[in-house]
Amino acid sequence: MIPVLLNGLLVAPAVFALLTAVLARRERLAVATAAAGSLVTFGWSVWLAVEHDGALGEAGSTVDAVWLTALDVHWALGVDGISAPLVLMTTLVFATALLSLFRHAPADAEGGPSRTASLAVLLLVIEAGVLGAFLALDMVLFFVFFEVALIPMWFVINAWGDAYDARARRRAATRFLIFTVTGSAVMLVGFLVVRAEAGTFDIVRVASSYTPSGATALAASVLVALGLAVKTPLWPLHIWLPDAHSKAPTVGSVVLAAVLLKLGTYGFLRFWMPVTSPEWLLVPVVAALAVVGIVYAALACLAQTDLKRLIAYSSVGHMGFVVLGAATFTVGGVQAAVFASVAHGLITGLLFFLAGSIKDRYGTTDLARLKVLYGKVPRLAGVFAFAAMASLGLPGLAGFWGEMLAIRAAVDQAAALPEDTYRWLAFVAALGVILTSAYFLALIRTMLQGGPVTPATEVDSTVELVADTVPAGEPGVVDARGSEWVTWAPLVLLTLVLGVAPGLLLTPVADATASFLVGLG
Amino acid sequence: MSWVVLLLVALPFASAALSLFVGHRGEVAERGIAVGASAIGLGLAFVVAFPHLGDATPLGHVFARTSAAGPAIELSVYVDQLTAAMLLLAHTVAFLVQVYSLGYMAGDPRYPSYAALISIFTGAMTLVVVADDLWVLLVGWELMGMCSYFLISHHWELREARAGAVKAFLMTRTADLGLLFAIIVLGVRFDTYRISTIMGEIADGGFGRDELWLPALLVTAAVIGKSAQFPLHTWLPDAMPGPTPISALIHAATMVAAGVFLVARTFPLYLSAPAALTTLALVASLTMIISATYALFTNDLKRVLAWSTVSQLAYMFGALAVGAYAAGVLHLLAHGAFKALLFLAAGSVVHAVGTTSMSAMGGLREKLPDTFVTMTVGFGALAGVVPLVGFFTKDAVIGSVWDAARHGHLVWPWVAWVLFASTVLTAVLTVAYSLRAWLMVFLTAAPPLAAEPAVSEAAEPHEAPLSMKVPLYLLTVPTLLGGLVVVYPQAVFGDGEYHLVHPGLAVVMTLLVVATALAVAWQWRRSGGRDPWHPFVLPHPAVDRVYAVGVVRPVRWLARTVRAGDRDVIDRYADGAGAATRGLGWVLRQAQTGNVQTYLMVVVVGACAIAVAAGVAS
């Protein structure tokens with residue numbers, strides 16, 4: 001049963017992409033098909049998640065067929081507790097993205113294949129690529145799917161990006177492509193070297209039987225880390241990200257932040273950790289870069305003047321926690337990394353959707369021009385405040401557990417790692433949490449709050465409100481629409497559920513990690 | 001019973017969700033949900049609390065656990081005497097605040113979110129007091145910070161409200177890191193996060209003096225932030241632009257009270273680490289005097305009360321720091337009652353007058369008779385007048401510090417002496433500022449009407465509606481009778497030796513109170529029945545300046561540097577890429593033949609190259 005489900009999960013979005021392409025001339029229908037496809041894929045992934053038994057390697061639980069005989073590359077797919085949460089998050093985010101696209105569909109119907117339908121096709125192709133990468137158990141296969149997910153993204157940013165600044169969006173798209181393709185090429189070279197050392201591309205076998213040591217193994221690990229560090233992104237290789245995320249269309253930003261970054265973090269867990277020995281200096285260096293990224297991104301956010309750029313930078317910080325978790329080489333660290341990845345997908349996806357809704361209404365994401373949204377669009381602003389709270393790691397919401405557990409893992413890191421270094425890293429990462437709170441509060445203050453009332457006060461006196469409040473609503477601007485609620489609701493709900501019941505995710509991840517990476521503490 | 005506890009935690013959150021979703025549907029839904037849920041909550045709190053007061057065995061139950069790496073994180077509850085008392089306090093105050101808000105917030109378009117946040121606040125505090133898992137406790141602990149942030153900025157049109165809210169959130173959250181690291185350290189050390197287990201192990205002994213200094217000091221850091229003690233004492237007074245009922249909730253029963261609760265909950269940890277106790281004692285000594293001084297001079301009624309909260313919290317910490325558990329906890333409960341009373345009464349004054357400035361008040365005794373009576377009781381309790389509850393608990397605190405100074409062994413005697421001197425001095429200051437505020441609000445001649453149209457158009461100050469008066473009178477009951485518990489503490493804490501009543505000291509303190517009161521009254525007469533002393537604005541607390549210069553400014557500078565740095569890097573990269581592209585473009589033009597076969601060829605060769613590389617490598 002599982003093999004059929006695994007292959008089917010890749011086939012479903014591909015088939016629906018084809019269908020959508022065929023129907024592209026009938027825009028509404030085409031986009032509806034794409035949305036239906038994403039829902040089918042989501043349902044399928046839920047089925048897969050229910051069916052799978054949590055561990056790789058047992059017969060019948062994976063797909064394994066020789067694909068390129070000469071290269072010993074296998075069509076090897078499988079799912080376990082590490083990848084299942086990411087797969088579910090991916091299909092959910094794509095479903096919400098395509099549903100939100102459906103709302104825009106009837107708007108521009110001219111002759112020829114519609115633009116929105118083409119965008120939907122590309123999104124489905126990306127979805128297939130991302131799912132393939134999450135399911136791949138063969139290093140080269142992972143690389144291939146990685147590329148499949150990247151290339152269409154270039155089109156998405158280049159053709160559907162910021163309508164107001166064509167030059168900037170082209171530059172952003174190209175920069176995105178150059179960085180990530182270079183990164184993945186480096187990663188591929190790393191995989192080839194691993195193949196030379198371990199004798200196989202099969203990551204499950206590598207994880208169970210390969211003990212990396214020596215200069216070549218180190219070089220391989222460095223190359224893989226370098227490639228993934230571009231995608232994740234790890235400081236200082238993040239500079240492609242703010243442009244790409246802020247110039248992409250709303251669904252593009254959502255997919256980029258919520259899903260594509262996870263290719264990098266998932267790569268760290270699945271393909272980097274098994275080929276790396278915690279005894280190398282490389283590991284603390286990666287952890288340190290992650291922590292630098294946390295603080296650096298938070299500082300950058302404090303000085304941003306554009307909403308989408310701010311959210312984009314915040315991703316760099318959140319990904320820092322994920323990589324820090326991985327770089328502790330503990331089961332707890334992997335748990336934290338997966339949890340933080342999923343939480344970031346939900347929360348930052350939501351934030352970009354909200355930024356998109358704001359841009360729809362006001363035509364800008366310039367923070368100097370967005371004021372008093374609490375008064376103008378109270379519900380939208382309320383959801384935004386919720387998302388901001390979730391993103392700054394409020395306990396009881398999903399953003400909290402991953403990051404706090406990453407800090408815990410850093411304090412209680414693997415025995416082979418330098419204890420004091422990691423304790424300091426944990427401390428600095430915690431300061432990053434405070435800075436993260438600071439910039440989100442600053443954002444709420446400048447964008448949501450504010451008002452016409454500036455009461456004269458005595459030096460030593462407080463004022464409590466007596467003045468007229470800002471009238472609710474604003475002519476011509478609609479508060480949250482029904483279709484937007486459909487997009488936001490699942491993300492909001494899951495953010496709450498994972499915040500209240502983190503065990504839902506932590507437990508399967510721990511089991512899978514213990515069986516995949518034998519020997520972790 | 002354990003399910004009732006879980007229900008008690010869940011109920012406020014459910015009520016909050018309901019308020020948010022159907023609260024806009026009309027008056028009945030709006031008000032009914034909030035008040036109804038808090039009434040049920042109060043009922044459940046009684047059901048849970050009463051069986052666990054006195055000589056009862058604590059209730060512990062684990063609902064769910066994650067089988068994660070490291071110690072399990074558990075959804076577990078633990079109800080002992082401390083929890084029971086705190087539940088009663090929190091839910092009583094929350095219920096009264098919800099009832100009071102019916103009148104106070106009438107007509108406020110943001111009432112649904114306001115009511116929802118109060119509910120979440122109550123739920124979070126409940127979670128803190130019943131939690132038996134450190135992480136669960138942290139969840140409630142930080143949720144309270146979030147609620148107070150949103151409630152302080154309820155009137156987000158006001159600059160002060162926005163600034164105060166951000167300050168409150170950032171200061172407390174920074175301090176919360178202490179709790180986070182304490183949890184991590186304790187988890188590593190004890191291999192469990194269950195509070196009752198950890199505290200049991202510590203209480204059983206086997207730990208050297210100060211062996212656990214690190215987690216104890218980390219907890220202290222969190223407590224200092226949450227309870228607004230020096231040097232993080234400045235956020236609480238700046239939180240005053242929030243609606244007044246919220247101040248009652250924050251100051252009496254949740255948020256700042258949670259700091260004291262946490263010390264009480266982790267008391268065995270503190271007893272094993274005198275370093276933390278000493279820190280706490282010194283911080284408390286300093287805080288109580290500083291804040292009482294501010295309370296003495298400020299001209300803002302709510303700020304007087306806010307500073308007095310800071311000062312009274314320091315009293316509780318002082319008691320706990322010398323090992324006087326019962327005295328500290330009882331003062332917390334007593335303070336909860338009379339401070340809620342004072343804030344709600346202050347709200348009723350503000351409601352009538354339209355400002356919090358005391359120089360705009362005066363002569364309200366006839367106009368607000370109910371407020372006058374109840375607030376007098378509240379101020380009396382704060383000042384420690386016989387036989388109100390504040391008198392007994394304050395006497396218990398000072399008495400235990402006195403005992404510790406003479407023959408205590410937990411902290412060095414000099415620390416206890418410093419603390420003792422502070423408590424006595426603060427008691428005097430407390431009488432002075434309470435009496436001054438009371439005189440200025442109620443007895444001083446009414447100020448002449450200002451010429452501003454806003455004020456002259458306003459109606460004559462009038463007594464608040466019934467929904468606001470009833471909570472005031474209800475709160476006078478524990479304020480009047482609470483002293484009985486100090487006389488018979490076994491009712492709360494169960495059997496044991498409690499040295500809470502110190503008759504000799506009580507007489508001395510009462511004489512001090514009377515002397516101070518006479519001095520203030522005399523001073524007031526001399527000033528012609530206005531402010532007893534010359535209006536004098538104390539400088540803003542210097543630590544804020546330190547934070548501004550030492551933290552905020554460098555961070556802003558760094559942020560700008562980072563942004564500029566990133567932009568420059570990107571630009572340089574873009575320039576470089578441009579040049580490289582031109583070069584590469586030339587090469588590609590040579591290769592570009594427009595022939596599909598050529599492209600295909602390149603792809604194939606590339607694939608072969610990879611294959612060869614792989615082959616060679618293997």
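A residue is buried if 20 or more other C-beta atoms lie within 10 Å of its own, exposed if 12 or fewer, and partly exposed in between, with C-beta atoms placed from the backbone. Keep that in mind for Ala248 of chain A. Ala248(A) has 28 other C-beta atoms within 10 Å, so it is buried.

Two notes on the source. This is a predicted model, where local features need pLDDT of at least 70, side-chain atom pairs count only at pLDDT 80 or more, and totals for chains, interfaces and linings use all residues. Residues are numbered from 1 along each chain as its sequence is written, chains are lettered from A and ligands numbered from 1 in the order in which they are written.

Back to Ala248(A). Where is Ala248(A) in chain A? In the loop between α9 and α10, the latter being residues 250-272. Helices here are DSSP runs of H or I with at least four residues, strands are runs of E with at least two, and both are numbered from the N terminus. What does Ala248(A) touch, once neighbours within four places in sequence are left aside? Val156(A), Ile157(A), Gly161(A), Ser253(A) and Leu256(A). Contact means that two C-beta atoms, placed from the backbone, lie within 7 Å. Then there is Ala172(A). In sequence, Ala172(A) and Ala248(A) are 76 residues apart. In space, their C-alpha atoms are 8.4 Å apart.

Next, helix pairs in chain A. Start with α1(A), residues 2-22, and α2(A), residues 27-51. Their axes are 9 Å apart, and the packing angle is about 175 degrees. Axes are lines fitted to C-alpha atoms, for helices over the stretch in contact, and angles run from 0 to 180 degrees between N-to-C directions. The two helices, α1(A) and α2(A), are therefore roughly antiparallel to each other. On that scale, under 35 degrees is roughly parallel, over 145 roughly antiparallel, 65 to 115 roughly perpendicular, and the rest oblique. From α1(A), the contact residues include Leu5(A), Leu9(A) and Phe16(A). From α2(A), they include Trp44(A), Trp47(A) and Glu51(A). The residues of this contact of α1(A) with α2(A) divide into 14 nonpolar, six polar and one charged. Nonpolar covers Ala, Val, Leu, Ile, Met, Phe, Trp, Tyr, Cys and Pro; charged covers Asp, Glu, Lys and Arg; the others, Gly among them, are polar.

The crossing of α11(A) past α12(A) is left-handed. Left-handed means the near helix is turned anticlockwise from the far one by less than a right angle; clockwise is right-handed. What kinds of residue make the contact of α11(A) with α12(A)? They divide into 15 nonpolar, four polar and no charged. Among them are Ala290(A), Gly293(A) and Ile294(A) in α11(A), and Tyr313(A), Gly317(A) and Phe321(A) in α12(A).

Now the strands. In chain A, β1(A), residues 62-68, pairs with β2(A) in the antiparallel sense over six bridges. Two strands pair if DSSP finds at least two bridges between them. Val66(A) has His74(A) in β2(A) as its bridge partner. Four residues sit between the strands of this hairpin, and Asp72(A) takes a positive phi near 60 degrees. Strand β2(A), residues 73-78, is mostly covered, with five of its six residues buried.

Chain B has a strand pair too. Strand β1(B), residues 59-65, pairs with β2(B) in the antiparallel sense, over six bridges. Leu59(B) stands opposite Val79(B) in β2(B). In β2(B), residues 74-79, six of six residues are buried.

Chain B overall: 26 helices and two strands. Of its 618 residues, 56% are buried. Among contacts between residues at least 6 apart in sequence, 81% join residues at least 24 apart.

Last, backbone details. The peptide bond from Thr232(A) to Pro233(A) is cis, omega near -10 degrees. Another cis bond joins Trp235(A) and Pro236(A), with omega about 5 degrees. Pro233(A) lies in the loop between α8, residues 215-231, and α9, residues 241-247, of chain A. Pro236(A) also lies in the loop between α8 and α9 of chain A.

Phe329(A) is not a glycine, yet its phi is positive, near 55 degrees. Its place is the loop between α12 and α13 of chain A. Phe329(A) is buried, because 25 other C-beta atoms lie within 10 Å. In chain B, Met255(B) has a positive phi of about 45 degrees. Met255(B) is in the loop between α10 and α11 of chain B. With 28 C-beta neighbours inside 10 Å, Met255(B) counts as buried.
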